[in-house]
Structure formats: structure tokens, C-alpha cells
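Dear colleague,

Please find below the structure that I am handing over to you, together with its sequence. My findings are set out after it.

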Amino acid sequence: MDTIIIAILAYGFVQLRLLFLSYSKADYFSVKSANYCYAFGKALVIWAVLQLLSEPLLSFILTLNNHFPDRYISISFESSDLILLFPSISIMIIGQILKKACQIAEENKQFI
């Protein structure tokens, strides 16, 4: 489970790297840059959700062989989990806004 979580986080940072490479080429307002931003935010959201789900799943798996009254599922929720979700969702929203702005800019270029 930890390997999957780390792989998703690594994918997110690859998308962030591609976004910064795109910005270094002065490609600020393009659909490609917006997609990189959205993919980074989506990877962070998936990472945060999997972090929340990993503890209950692991506690259930570890106690699966126990007799019925000794099985349990451990669920915990901390403020850091919520703090991680808000910026992640915000980055996704910014990516969608940038994509829409790029589409509007393309439409405006066709009129001029």
C-alpha cells in the first residue's frame, strides 16, 4: 500500500516538474500547462485520500485472522489530513480555471 501511495506522489511531482519546465519556456497560459497543474492537484488529492484509507485497511487486514470479537478497524482523522486536502483541491480548481482561460484566449484570438 505504501508503494502505491509513494508512486502516486512521485507521479504528482513529475507533473509539477513538467509544469515548471513549461513555465521556464514562458508557456504560462497554455492548455498543456493547465493540464500539468490539474494533474498535480489530482495526484495530491488521491494521495491524501489513500493516506486516510490506508490505516483502516491495514488494521483490518492485520486482524483478519483473529476471532470475531478481536477483529477491529482503526480509523483516525487528523487536522493535517484536512489541511492537505484543501490546497490539493485548490490546485485542481486553479488548473481547471487556467484551462478555461486558455480556451477563452484562443477564441478571442480567432476574432481579432
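Predicted model: local features only at pLDDT ≥ 70, side-chain atom pairs only at ≥ 80, totals over all residues.

Residues are numbered from 1 along each chain as its sequence is written, and side-chain values use heavy atoms, with hydrogens and water left out.

Overall form

The protein contains three helices and zero strands, and its elements follow the order α-α-α from the N terminus. Helices here are DSSP runs of H or I with at least four residues, strands are runs of E with at least two, and both are numbered from the N terminus. Along the principal axes, the C-alpha atoms occupy a box of roughly 75 × 20 × 20 Å. The radius of gyration is 20 Å, whereas a compact globule of 112 residues would have one near 13 Å; the value is taken over C-alpha atoms, and the globule rule is 2.2 Å times the number of residues to the power 0.38.

Of the 112 residues, 29% are buried. Buried means under 20% relative accessible area, exposed means over 50%, and partly exposed lies in between (1.4 Å probe, protein chains only). Among contacts between residues at least 6 apart in sequence, 71% join residues at least 24 apart, a contact being heavy atoms within 4.5 Å.

Helix pairs

Two packed helices are described by the angle between their axes and the distance between the axes. Axes are lines fitted to C-alpha atoms, for helices over the stretch in contact, and the angles run from 0 to 180 degrees between N-to-C directions.

The axes of α1 and α2 come within 8 Å and cross at roughly 160°. The contact of α1 with α2 comprises 19 nonpolar, six polar and no charged residues. In this classification Ala, Val, Leu, Ile, Met, Phe, Trp, Tyr, Cys and Pro are nonpolar, Asp, Glu, Lys and Arg are charged, and the others, Gly among them, are polar.

Helix α2 (residues 31-62) packs with helix α3 (residues 79-111) at an angle of about 160°, and their axes are 8 Å apart. This pair, too, is therefore roughly antiparallel. The contact of α2 with α3 has 18 nonpolar, five polar and three charged residues.

Single residues

Is A26 buried or exposed? A26 counts as exposed because its relative accessibility is 52%. A26 sits in the loop between α1 and α2, and its phi is near 60°, a positive value in a residue other than glycine. Most residues other than glycine have a negative phi.

Helix α1 (residues 2-24) includes L18, which is partly exposed at 26% relative accessibility. The C-alpha atoms of L18 and I89 are separated by 19 Å, and these residues are 71 apart along the chain. A10 also belongs to helix α1 and is partly exposed at 40%. Between the C-alpha atoms of A10 and N108, 98 residues apart along the chain, the separation is 37 Å.

S90 is part of helix α3 and is partly exposed, with a relative accessible area of 37%. S90 and K42 are 48 residues apart along the chain, and their C-alpha atoms are separated by 10.0 Å.

With kind regards

Terms used:
Parallel < 35°, antiparallel > 145°, perpendicular 65-115°, else oblique.
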